[in-house]
Amino acid sequence: MIKTHDTFTRLIKLSPTLLVALLVIPVIGGLIGVLLPAFGYLPALGMKEFSLQGFNALIQTDGFSHMVFLSASSALISTLLALTMTILILACFFNSPWLKRIQRLLGPILVIPHAAAAIAISFLITPSGFISRLFSPWLTGWELPPDWLLPHDILGVSMILGLTLKELPFLLLMALAAFAQADLGAKLRAQHKVAMSFGYCPMTAFFKVVLPNLYTYIRLPVLAVLAYASASVEIPLILGPNAPPTLSVAIINWFNDIDLTLRIKASAGAIAQLMLTATLLITWWLLEIIVKRVFYFYVTNRKRDYAGNAIMHLTRIVTVMLVASILLSLLGLVLWSFAGFWRFPAFLPDQLVLIHWQNALTNIQPALLNSLYIGFAASAIAIILVLVTLEAEQQRAYALSHLSSFIIYLPLLVPSVAFLFGLVWLQEQISSHHAYINVIFSHLLFVLPYVFLSLASSYRCFDSRFSILAASLGKSPAKVFWQVKLPMLVTPICIAFALGLAISFSQYLPTLLNGAGQINTITTEAVVLASGASRRTSSVYALIQMLLPALAFVLAWLTPKLVYKYQNKA
Amino acid sequence: MYSSLDIKELTIWRNKTALLSLNESIQGGEILSIMGPSGSGKSTLLNWLTGMLPPTFTAHGNLYLNQQNITHTPCHLRHIGLLYQDPLLFPHLSVEGNIAFAMPKLSKKKDLENVSLALEKVGLGGLEKRSPASLSGGQQARVALLRVLLSKPKAILLDEPFSKLDSELRQEVRDIVFKQIRAHQLPAIMVTHDHSDAIAARGNIINLATLEKRYA
Amino acid sequence: MTLSDFPTLIRFLLFLASMAYSVLSHAQSWQKTVNEGVNNPVYFHAWGGDAQINSYIQWLGEQVKQQYNIDLVHIKLADTSEAVSRVLAEKSAGNHTQGKVDLIWINGANFAAMSKHGLLKADWATKLPNFYLTNPAKNPAVTHDFGLPTQGMESPWGQASLTFYYDSKTVIHPPKNLKQLLDWSTKNKGRFTYSKPPDFIGMSFLKYALINLTATEQRSLLYQPATEKSAAQLLPALWQYLDELHPTLWRKGTFFVQNSAALKRLVSDMELSLSLTFSAAEIPAAVERYDLPLATRSYAMHDGSLSNTHFVAIAYNASHSESAKLVANFMLSVKAQAQKQQPANWGDNTVLDLSLLSQDQVALFSQQALHPSSLATNNQSPALAEPHPSWSTLINQQWQLRYGSYKRGTVK
């Protein structure tokens, strides 16, 4: 393409650098802001000499090894489970119309904030929860809830369940997005057919032919899931054990402890968290290599069928249980939000009342507005940045470097507990006292990767002949961008915007920390209430938390239709 | 015993309108060509033959392979080989791996060793360890053919097998494919929109749009 | 010539003059506070886990908006320590004047930590015009927080005492003292627990237990800073009691909930049949909102209930400290205190000395008909004062060592 040198082109050229800088500086800066106190440098407490005191205190913490073990095991097991279930569901329903239906059922779960999902799951499995009421007293004989260990069990089973249920839809949708790529999907399906024509049963054909090629496309999402699970706060807080808790929760507790010298230990803990996540990612990478080696032998061993039918039936049963438990926990939330008195083991509340919704709706307005302001601002900025970056990529006709594409995912891979505290410190240093700007900026860090992920494939798949055609008609690159590309990409842009909103709505730590605790959003209120007394109020907030992103997606679905209607009229 | 593929009184409906009807018998070494514009039901017929008819269609009729009724046999147990316009080699396996993958479980060690020999026969000697992506289009097509043949199918379906090859290569690959099908005495059905393919196949030709049949 | 030589009249006149001067100068400085304080926002950092308290704070906001055009912004905390961290972070960043925390709801260990690190504004609370209504000369509870003198850093807001509540459908005879509690829990395994220290309620339960396990003649030790000797003397009784109690608790004492709200939820779920709170009024309110079973009943232990005062404080670097003083002063007004004491609004005991008020004003505090789940007003439980804060720190530390992580927990 012939180089043009108008302002638009020049501005566009800068955008990839800007995008990368926007992501790298806060993450690296935040890490430095944690690194200094980790080595004993905290002038506010009069500590100006470097020491290893924080790390010593950390290692001597009672149950420290157990915390690390909990974080590592729950992350690895939940990621493995979510990945295995994703693969099994894909393999089992690869050529079935049910795949689309499962996708439609699980899709909305992707945008349910972690806190809301954890609340829903805890209501399901708690001793007085829905499952227990379903079987009591006629089967169990329980007149009072049993003294179960769920949730908050010592081994973190409920936490693993929560993480798995939350990550499974993400991985599944990422895999389906790969299939949705025009050539890849058709090719993999055809190869699957070819393998079956060689006598491989559908399951085996999927594992030996489709999976090795598919995995490349879901690898980064898998790593993001692993990193997230190892450092997440909301789910272990609501479902995990607390004697001791996971490392990430312990770090938050130390940071918030009234004993201010604990901040040294907390910072050391944040560094330990960083190393833990890195170790897990490396472990996964090693596992990949080993599995690949072993797998190659199995791929070429010419065996056609490994009890494919039995595994298929099992997968169907597990899928039904999965969907059922998701529906049950949603039903539970809805019932709690309308429940009057509801003694165990009654299956339904004694009466249904509106008071919880009424109370919540009279109090919710400021938090709701905050969620919307911040979400719209962060998503709009993210969309603009991503669009110009992708445009730059097309104008210079080569893709982003591997390093740049990797950096886009940096905020998803680096544990947020590790750099957010430092980022707060950094924002203080440059005297950025405007809480809203600080929060929008910190949300942007998490919104950007998802918006990029969502927009990149459709932007890159954009048929370049349209822009060449337009250019041949004498349109400048700016005009091609505004008048050809954007209108044609309205649908993916709207979806990316809705995704950005959903991600922003769900942010807990960045809102809490970078907003100096001054900004309440629906999510911060929901987490505070999750620790509070009322299941009923808590359910209302969790449901509102789920409804918000759902509304965003309805808008994303409607807007293109309205735009086209308007265009056709004009 | 002669090998044969028999389509007995087949009718396929979509939403209660009949899409196509067929009653054919193909002997080993014979190639039946199916022609017709898109939408005439070519790929639907192929889907029925492979046992993967989408649920929006209904079919009546039977399919016999070597006198055995396989109408309700799942795809992977039919022993019907497939050859598409794309070679569809598995990118995560080498040339040799692709072929070994297709060979029956009980292949003898000697058969595996013969892969090299077979490759040489179709002019691909010495390419065993190469990855499919590094081969030319014509080479890939030949590996795909070899892969199908060595999977020991009892019949073979060709879905626009040569449409992506340029005209010179097309003739060369076509000759090899047809020669091998005849040499292995396999009944074959070829779907194509290219008349010269159909003529080169030297078998019966059915046009699904006009339902006109030309005998070889 | 000495003062006593003056005739009585002159002495009296002098006294009047000095009084008038001090009142006048006070009034002047207060007028200055009002002038500077109006028309600003006040960021009030306060625990936000209770809907009823939240709506009372909302009411406060409406009132100060009317009087002073102050926008009271309630920053709802999950734990007060978050605000402590916030102020510390600002101090470490050198932000000494533009702090985002104006007013904090605080007492006990959080206060001790903040005052130790110089994070609170001093010497203002006793100068609030409404402060004299607390009758500080006769009521040391408004100038002492867990035994520590507040030095004008905190303005009192309310008073609370440890109250037990139970589900009367499953419990007929609730335990009436510490010893009965152990027997009851042994008979009804898994139906009682307390929240994990350093949570307020959990610590309060431990202090209640410690006071009652300490012989009367030794109790004075608890009101002095803890020493190694006094700790070794008094604490073993507590650990012995807990070693016996823990295996009978909910989850066999392997898991402790985070706060009193979580305890309330477990009673609501009927997992617990007996629990405790520091805010007696929240029990009937929770029943009204269906959050506790209809059969819930409240009572005070016969061997005493721990009582303390809670306060509001101003961060040393608050952006709107004058406005915060206006809010704190309004919180001490008869109107605000009476509104707060009504069970329908919050039910928190007033810190005002009612004997200083007019009859009309006192009438504002009288209660309407008692809710069946409320604490009886005629309860005879003796009040137990808070031990010195050093005991809290010590109990918490040793508790964490003994029971804080599972492996060293009571389940062996």
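Student: Hi! Which residue is the bridge partner of Tyr84(B) in β7(B)?

Tutor: Hello! Asp159(B) is the partner of Tyr84(B). Before going on: this is a predicted model, where local features need pLDDT of at least 70, side-chain atom pairs count only at pLDDT 80 or more, and totals for chains, interfaces and linings use all residues. Residues are numbered from 1 along each chain as its sequence is written, while chains are lettered from A and ligands numbered from 1 in the order in which they are written.

Student: Thanks! How many bridges join β6(B) to β7(B)?

Tutor: Five bridges link β6(B) with β7(B), residues 155-159, and the two strands run parallel. Strands here are DSSP runs of E with at least two residues, helices are runs of H or I with at least four, and both are numbered from the N terminus. Two strands pair if DSSP finds at least two bridges between them.

Student: What order do the strands of that open sheet have?

Tutor: The six strands go β6-β7-β8-β3-β9-β10 in chain B, with mixed pairing. β6 and β10 (212-214) are the edge strands, each pairing on one side only.

Student: And which helix packs on the sheet?

Tutor: Helix α1 (residues 42-50) of chain B does, touching β3 (31-35), β6, β7 and β8 (188-191). Its direction makes about 155° with that of β7(B). Such angles run from 0 to 180 degrees between N-to-C directions, and axes are lines fitted to C-alpha atoms, for helices over the stretch in contact. Being in contact means that the C-beta atoms of two residues, placed from the backbone, lie within 7 Å.

Student: OK, zooming out. How many helices and strands does chain B have?

Tutor: Chain B has six helices and ten strands. Its C-alpha trace spans about 50 × 40 × 35 Å along the principal axes.

Student: What about neighbours: which two chains have the most contacts?

Tutor: Chains A and C do, among the two pairs of chains that touch. No contact joins chain B and chain C, whose closest C-alpha atoms lie 48 Å apart.
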